[in-house]
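Visitor: Could you take me through one part of this structure slowly, at the level of side chains and strands? I would like a close look at a charged residue and then at the elements of its chain.

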Amino acid sequence: MSENNMKITLKVWRQRNNKAKGALETYKVDEVSSDMSFLEMFDVLNDKLIREGKDPIAFDHDCREGICGMCSMYINGQPHGPLQGVTTCQLHMRSFKDGDTIVVEPWRAKAFPVIKDLVVDRSAFDRIIAAGGFISVNTGNAQDANALPISKELADRAFAAAACIGCGACVAACKNSSAMLFVSAKVTQLSLLPQGEPERQSRVLDMAAQMDAEGFGSCTNTGACEAECPKGISVSNIAHMNREFFAAELNKK
Amino acid sequence: MATLDSKIPEGPVEKKWTNYKSHVHLINPANKRNLEVIVIGSGLAGASAAASLAELGYKVKVFCFQDSPRRAHSIAAQGGINAAKNYQNDGDSDYRLFYDTVKGGDYRSREANVYRLAEVSANIIDQCVAQGVPFAREYGGMLSNRSFGGVLVQRTFYAAGQTGQQLLLGAYSALERQVGMGAVQMYSRHEMLELVMIDGKCRGIIARDLVSGKLERHFGHAVLLCSGGYGNVFFLSTNAMGSNVTAAWKAHKQGAYFANPCYTQIHPTCIPVSGHHQSKLTLMSESLRNDGRIWVPKKKEDVEALRKKQKKASQIPEEDRDYYLERRYPAFGNLVPRDVASRAAKERCDAGFGVNATGEAVFLDFTTNTRRYGNIEATKHGHHNLPDAEIMELGRGVIKEKYGNLFDMYKQITGVDPYQEPMQIYPAVHYTMGGLWVDYNLMTTVPGLYALGEANFSDHGANRLGASALMQGLADGYFVIPYTIGDYLSTEIRTKAISTDHEAFAQAEKSVQEKIDKLFAVKGTQPVDYFHRELGKIMWEKCGMARNAKGLQEAISEIQKLREAFWKDVRVTGEKDEFNPELEKAGRVADFLELGELVCKDALDRNESCGGHFREEYQTEEGEALRDDEKYNYVAAWEYKGADWELHKEELKFENIKIAQRSYK
């Protein structure tokens with residue numbers, strides 16, 4: 001049943017900019033409806049702050065349907081909050097109770113510096129893709145799409161890895177701030193497909209090198225990334241990437 | 001009245017593009033390296049154009065307001081992408097796709113552009129597969145297809161309910177490859193706020209770095225607007241929160257004509273509004289209509305019982321259900337085009353048959369096909385005489401594989417499990433067919449300024465068919481602009497890069513600065529969102545699914561008043577030289593407040609009904625859209641004139657398709 005009068009206490013990380021010192025601040029939000037999304041509750045709070053002449057809370061969001069990967073709140077110690085398989089924008093207030101206190105922080109990782117409040121800079125992910133997360137094919141006369149049959153099983157596995165939305169929850173969840181789940185998902189997708197074969201070895205080496213250069217930590221196989229991934233990207237991708245990586249290292253001339 | 005030159009090549013429609021490509025001017029690779037192109041937006045159109053142009057050797061800069069080019073709203077497209085591959089041997093061809101698109105658009109699009117779109121559609125699939133886009137496949141390894149509304153063939157390629165995501169990540173990876181090679185400079189968290197004009201040509205932009213707040217000047221020999229549609233003028237829509245008209249609107253005010261703004265698409269299957277806090281609406285893919293049947297009860301007492309939650313949908317017997325699309329449109333049934341399906345839902349709800357408390361919802365029910373799939377699965381595995389519950393369980397497995405992510409999303413948003421009870425859906429604003437007027441080259445009326453993808457008006461007429469937006473975005477970016485831009489840039493090889501110290505850049509930057517200062521100077525009492533919501537209410541009530549002259553006149557004056565109120569009472573918090581989302585929103589809403597008036601003006605001016613533009617005064621006896629081909633067989637291209645707009649008309653010529661009353665019966 002929906003409820004319209006929930007009272008929620010929020011403790012939110014406020015930080016003016018990258019140089020400023022941040023702190024948790026407490027806010028009360030009344031008349032929260034259980035049908036609201038978590039971000040709509042923030043809309044209500046921000047509306048109130050603006051009317052009071054205060055600075056609204058900055059947070060990243062765009063599609064609000066769980067696919068763009070922009071929203072990124074660390075809620076009660078969990079990236080994207082308590083539900084499994086759900087981004088912050090798809091988390092609804094029916095997952096909370098009247099009177100709850102909720103702590104909201106930005107992603108925490110050296111490679112994701114804070115821009116303001118809950119907004120962080122994730123451009124490191126783009127640079128990792130630019131280092132090798134592609135198949136080098138120019139636009140032009142590619143061969144007929146059905147000239148290269150790919151088994152349904154392989155296509156499905158590649159798709160499962162490609163479903164990553166690049167939100168960075170895996171990094172935020174990891175005690176080492178490792179980006180292995182993100183990187184391995186792309187490596188796996190492209191290494192499973194025949195189109196990715198020619199660059200298979202250089203791709204994994206280049207992407208891993210860029211990942212290290214960005215300051216992400218090492219993977220120690222705790223599996224926190226998979227547990228918090230809103231798209232259910234499996235840690236088996238990491239095992240797959242490790243095999244790809246070692247094979248490529250051994251073959252290096 | 002000025003005439004618009006659409007620059008359609010000579011010859012029969014199926015030869016135009018081939019002939020054009022054979023004769024368009026080419027540019028020496030050494031000269032390409034000195035030609036700079038600015039791309040605004042990194043969705044399917046922007047990313048594919050930027051990557052393709054960089055591959056050709058042009059110097060490219062890409063701007064997007066999101067934190068990464070991968071976030072553009074193309075990512076949220078669900079159901080699929082059309083292509084005339086005829087892999088299913090069901091009679092598809094370039095001509096069929098062309099015909100379906102022109103008919104689907106209610107005969108208000110330009111034949112030559114649509115034919116070209118159909119012609120390049122097959123290459124798009126080839127290109128995407130070569131990039132590693134994991135489309136759905138059959139067990140034999142071949143690509144899988146499904147049907148979308150308004151067509152009788154299976155030509156839609158898909159990747160579960162995440163086709164847009166996979167296509168965009170493909171284009172994004174091609175873009176990032178060029179970034180890695182230094183051929184593209186990427187400017188994320190940047191917003192274009194002005195076009196720079198020098199001697200009547202577009203020569204660059206002013207952009208704001210959204211993190212530092214600094215204004216930047218960027219020169220380009222050409223500028224490509226790939227900035228998407230303007231559906232957020234309705235506040236509630238399926239667009240992303242940040243989707244906006246600002247780039248296109250700034251261009252419009254610098255001389256680019258805005259075409260057919262009243263052609264807005266209301267998508268029939270979205271999750272209904274749940275309360276006043278609602279910030280956006282969520283689409284349930286059109287692909288669901290492959291297997292879902294739409295209905296409302298036949299009896300008012302059942303409606304009452306549903307609204308009071310005394311009855312569940314599953315308790316209403318078959319004979320008491322009105323499958324109104326199947327009843328009204330037996331030939332296309334649940335797969336009629338979007339405009340037709342939306343109006344039919346509104347008709348039933350207006351007649352008092354809406355199935356939720358607000359009276360604005362209909363059922364999308366998967367029971368019939370779940371059972372059908374269950375029976376197929378049972379037969380396949382050699383089970384006979386299984387109880388119905390087990391058959392349904394098997395069927396649910398098939399439905400899950402096809403639409404799992406959509407069912408999960410529905411449950412997450414509504415709290416109701418759609419595997420057990422039918423979905424409740426209602427129409428919502430989704431896409432805008434109107435946009436900047438472009439010629440065959442995709443150039444606007446401003447020399448050197450192009451518009452691609454949803455930002456232009458060219459291919460979908462008055463109504464877009466499902467799975468055609470992705471097709472158009474990628475067609476424009478991968479296969480059209482790489483050729484057509486040569487027609488202009490070949491005349492620019494002697495133009496050296498212009499210094500951004502030029503007076504025109506300084507002036508443009510100054511005007512942007514003044515507008516920002518003006519927003520802060522209001523120091524009013526109402527947040528930006530308040531005005532956006534109010535605008536949305538006016539637009540939805542008076543310029544939404546059904547429009548009439550009186551309502552549109554009221555809307556125009558209400559929007560003018562709201563715009564005045566905005567400039568007297570808006571409150572923009574924070575500072576200009578910092579990360580400030582409220583300032584970004586304020587600028588965008590200020591532009592929507594101007595565009596909204598033009599949308600209503602265009603709707604008022606077009607005294608006919610066509611596609612998504614439904615004027616209550618002009619309908620057939622059966623309530624279908626009634627066109628007036630005598631008077632309105634033209635593209636309405638509006639020129640900005642400060643206080644008002646001037647209308648220019650591009651007559652539409654149908655030489656290959658016989659223009660007719662659209663029928664899906």
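Predicted model: local features only at pLDDT ≥ 70, side-chain atom pairs only at ≥ 80, totals over all residues.

Guide: Let's start with Arg137(B), which is buried (under 20% relative accessible area, with a 1.4 Å probe and protein chains only; over 50% would be exposed, and in between partly exposed). Residues are numbered from 1 along each chain as its sequence is written, chains are lettered from A and ligands numbered from 1 in the order in which they are written, and side-chain values use heavy atoms, leaving out hydrogens and water.

What does the side chain of Arg137(B) reach? At 2.7 Å lies the backbone oxygen of Gly141(B). Arg137(B) itself sits in the loop between helix H5 (111-131) and strand S4 (156-157) of chain B; helices (H or I, at least four residues) and strands (E, at least two) are DSSP runs numbered from the N terminus. Leaving aside neighbours within four places in sequence, Arg137(B) is in contact (heavy atoms within 4.5 Å) with residues including Asn146(A), Leu148(A), Pro149(A) and Lys152(A) from chain A, and Val129(B) and Met142(B) from chain B.

Burial comes up again in helix H7 (residues 246-253) of chain B: seven of its eight residues are buried, so the helix is largely enclosed by the rest of the structure. Among them are Trp249(B), Lys250(B) and His252(B). Just after H7(B), Gly255(B) takes a positive phi of about 120°.

Now for the strands. An open, antiparallel sheet in chain B has the order S6-S7-S8, where two strands pair if DSSP finds at least two bridges between them. Its edge strands, S6 (190-198) and S8 (215-219) of chain B, each pair on one side only. Eight bridges join S6(B) to strand S7 (residues 201-209) of chain B, and Met192(B) has Ala207(B) as its bridge partner in S7(B). Helix H14 (residues 503-522) of chain B packs on this sheet, touching S6, S7 and S8 of chain B. The direction of H14(B) makes about 135° with that of S6(B); axes are lines fitted to C-alpha atoms, for helices over the stretch in contact, and angles run from 0 to 180 degrees between N-to-C directions.

Technical notes
Lys, Arg positive; Asp, Glu negative; His and termini not counted. Salt bridge = Lys/Arg side-chain N within 4 Å of Asp/Glu carboxyl O. Polar contact = N/O pair within 3.5 Å; in protein donor to acceptor, adjacent residues only side chain to side chain.
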